[in-house]
Amino acid sequence: MDKDTLYNFFEGNASLDEEMAVRQWMEESAENRQAFLKERKLFDAMLLLGNEKVIKAGKKRFTIDLSSLRTEFIKIAAVIAVTLGGSYLFHQYALEKELMAMHTISVPAGQRINITLTDGTNVWLNARTSLTYPVKFGKKNRQVILDGEAYFDVAKDKNKPFIVQTDQYNVEVLGTKFDVDAYAETGEFETTLMSGSVRVASTSDPEQKLTLKPNNKVYLQDGKLHVTTVDDFNPYRWKEGLICFKNESFTSIMADFEKYYGLSIQVRNMEVLKYAYTGKFRQTDGIDYALRVLQKDIKFTYQRDDENQIIYIE
């Protein structure tokens, strides 16, 4: 890392691009992190001496005459000896605090969002989903907190597993593609693996854990995890703006419509609950279009209360 950029960063004069470059460089390896701390301690010592000339010289100390700074560096060495423990601990604390700073993204009903995390992991967030993640991942793992549904394409890093923490289960991977459906309000949990390998573990019961293989999904039923093969990946095309069903109950379809369109659906016609449906809609077509398509196969009418955002199935 260029010394001028580092010292601009220490002095608080770095540009946004320079700040990002320094933070990214620091996270690339343990050696870079140690080099950063070493330079920071030296800068602090210079600052304590109150000698701006020494600070400026520090930026170019590999090109200047070191003998002319011998006296100053002897002073610096003394200051470092006194402040080494405190300075190191303080900056370790400050850096760890920075790594713990969290962002939260919340997706409203009827929308979806695509983001890329700092490690290169690509994430699609479905409607009514929130994802909390650190500004910078730590040294041991890459952990995020999910409430809702998300599709992850995880950047590979064999030294830092990627962990998705949900209300009931954690999903741990090294590099893979998978979908997690875990809305806390419903109490349901499901993880579908497209490629790679994931390990699913209960947050409360150490005995509940398993490793999932590609083209399989794990789901929660009666408080236990169950695994089944997946032969239709259309339901996971929500990130493309598609709402897909295969032999889904009318109740399940209405629940998804509530999620995607941000309204409440009240079923008064109990006859419709006997039917299952297979179909595909574009989210942008709107709920009226979707309901009219369903009416071709299932006999029902509906009324809209737009003021209260309620649809009644008659």
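Of the protein's 314 residues, 42% count as buried, where buried means under 20% relative accessible area, exposed over 50% and partly exposed in between (1.4 Å probe, protein chains only). The model is predicted, so local features need pLDDT of at least 70 and side-chain atom pairs count only at pLDDT 80 or more, while totals for chains, interfaces and linings use all residues. Residues are numbered from 1 along each chain as its sequence is written, and side-chain values use heavy atoms, with hydrogens and water left out.

The protein has seven helices and 18 strands. These are DSSP runs, numbered from the N terminus: helices are H or I with at least four residues, strands are E with at least two. Contact means heavy atoms within 4.5 Å. Among contacts with a separation of 6 or more, 49% join residues 24 or more positions apart.

Start with the open space. The largest pocket holds about 1100 Å³. Its lining comprises 32 residues, and Asp181, Glu190, Glu248, Ser252 and Asp256 lie nearest its centre. Two or more lining residues come from each of S12, S14 and helix H6 (250–261). S14 gives the most, with seven residues. A pocket here is an open set of points on a 1 Å grid over the protein atoms alone, with protein on both sides within 12 Å along at least five of seven lines; lining residues have an atom within 4 Å of a point. A cavity is a set of points where a 1.4 Å probe fits but cannot get out. Grid points are joined across faces, edges and corners, and a volume is the space filled by probe spheres set on the points.

The structure holds one cavity of 30 Å³ or more. The largest cavity has a volume of about 30 Å³. Its lining is made by Asp167, Gln168, Ala182, Tyr183, Ala184, Gly187 and Glu188.

Next, a charged residue. Lys239 sits in the loop between strand S13 (224–229) and strand S14 (242–249). The Lys239 side chain does reach the backbone oxygen of Tyr236, at 3.3 Å. Not counting residues up to four places away in sequence, Lys239 touches Arg112, Trp124 and Tyr151.

Tyr133 belongs to strand S4 (residues 129–134). Tyr133 counts as buried because its relative accessibility is 14%. Leaving aside neighbours within four places in sequence, Tyr133 is in contact with Ala101, Met102, His103, Ile105, Ile115, Leu117 and Val144. Thr118 is 15 residues from Tyr133 in sequence, and their C-alpha atoms are 9.8 Å apart.

Finally, the backbone. Most residues other than glycine have a negative phi. Arg128 is not a glycine, yet its phi is positive, about 55°. Arg128 lies in the loop between strand S3 (122–125) and S4. Arg128 is partly exposed because its relative accessible area is 36%. Asp222 also has a positive phi, near 55°. Asp222 is found in the loop between strand S12 (216–221) and S13. At 76% relative accessibility, Asp222 counts as exposed.

How values were computed. Polar contact = N/O pair within 3.5 Å; in protein donor to acceptor, adjacent residues only side chain to side chain.
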